[in-house]
Every structure is written in structure tokens, then in C-alpha cells.
Amino acid sequence: IQVAALTGLWGIGFVMWWVASCVVAALAPAASRNARMRAGMGAVAMLVAMLGFAAWRLVADTPVAEVRVGLLAERRVEE
């Protein structure tokens, strides 16, 4: 949700496709071990960056002021 707040639909699509393509490249049997490791690390790096950004945003946006809300209702009983 925090990525969507910053980048919108384009950012969500980019993160989803980036991680998915890195996982596919990491699992490709025809690729060399070094290429598979780089692809796997790319997926992990993107996820760490995304989750770190989300954690930073959630901690940074704590509200300072307290808002009190009240509700008043009237109930009539018919006899």
C-alpha cells in the first residue's frame, strides 16, 4: 500500500513484474549459476527495499494530535 501511495498503479505493476521475472530467471535451468544468483539477489533486493520503505513510511507518519469523537443518539420506545 505504501508503494501505491508513492508511485500509484505503475509502481505496483513494476514491483510485481520485477520480482516475478527475477524468480523465473533464478529458476531457469539453462542459466549459469552466477546469473541465477544475481537474479535471485535482484528479487530479494527489491523486496527488501519495498518492505523497508513501507516500514519507514508507517513509522514516520504517526499522528501527533489526538482527535476525540462523540456520538449522541436518542432512542424512543413505542408502547
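**Figure 1. Val59 sits in helix H3, which spans residues 33-60.** Helices here are DSSP runs of H or I with at least four residues, strands are runs of E with at least two, and both are numbered from the N terminus. Is Val59 buried or exposed? Val59 counts as exposed because its relative accessibility is 62%. In these legends, buried means under 20% relative accessible area, exposed means over 50%, and partly exposed lies in between, with a 1.4 Å probe and protein chains only. Now look for Ala30: Val59 and Ala30 are 29 residues apart in sequence, and their C-alpha atoms are 43 Å apart in space.

A quick note before the next view. This is a predicted model, in which local features need pLDDT of at least 70 and side-chain atom pairs count only at pLDDT 80 or more, while totals for chains, interfaces and linings use all residues. Residues are numbered from 1 along each chain as its sequence is written, and side-chain values use heavy atoms, with hydrogens and water left out.

**Figure 2. The whole protein chain has 3 helices and 0 strands.** Along the sequence, the pattern reads α-α-α. The radius of gyration is 23 Å, well over the 12 Å that the globule rule gives for 79 residues, so the protein chain is more spread out than a compact globule. That radius is taken over C-alpha atoms, and the globule rule is 2.2 Å times the number of residues to the power 0.38. Along the principal axes, the C-alpha atoms fill a box of roughly 80 × 35 × 20 Å. Of the 79 residues in the protein chain, 14% are buried. The accessible surface comes to about 7200 Å², and 68% of this belongs to carbon and sulfur atoms. Such areas come from the Shrake-Rupley method with a 1.4 Å probe, and for residues only the protein chains shown count as cover.

**Figure 3. Confidence in the protein chain averages a pLDDT of 85.** The pLDDT is the predictor's confidence in each residue, from 0 to 100. A score of at least 70 is reached by 94% of the residues. Where is confidence lowest in the protein chain? The lowest mean, 83, belongs to helix H1 (residues 2-7), and the highest, 88, to H2.

Figure 4. Gln2 is buried because its relative accessible area is 14%. Which residues does Gln2 touch, leaving aside its neighbours within four places in sequence? Gln2 is in contact with Phe53, Ala54, Arg57 and Leu58, where contact means heavy atoms within 4.5 Å. Trp56 is 54 residues from Gln2 in sequence, yet their C-alpha atoms are 9.6 Å apart. For the protein chain as a whole, residues 24 or more positions apart account for 52% of the contacts with a separation of 6 or more.

**Figure 5. Ala5 is also found in helix H1.** Ala5 counts as exposed because its relative accessibility is 52%. Between Ala5 and Glu66, 61 residues apart along the chain, the C-alpha separation is 24 Å.

**Figure 6. Ile12, Met16 and Trp17 make a nonpolar surface patch of about 370 Å².** Patches are made of residues with over 30% relative accessible area and no salt bridge; like charges are joined within 9 Å, and nonpolar side chains (Val, Leu, Ile, Met, Phe, Trp, Tyr) within 5 Å. Met16 lies in helix H2 (residues 9-26). With a relative accessibility of 54%, Met16 counts as exposed.

**Figure 7. Arg76 and Glu74 meet through their side chains in a salt bridge.** The N to O distance is 3.1 Å. A salt bridge is a side-chain nitrogen of Lys or Arg within 4 Å of a carboxyl oxygen of Asp or Glu. Side chains of opposite charge can pair when their charged atoms come close. A search of the whole structure finds 1 salt bridge. Both Arg76 and Glu74 are exposed.
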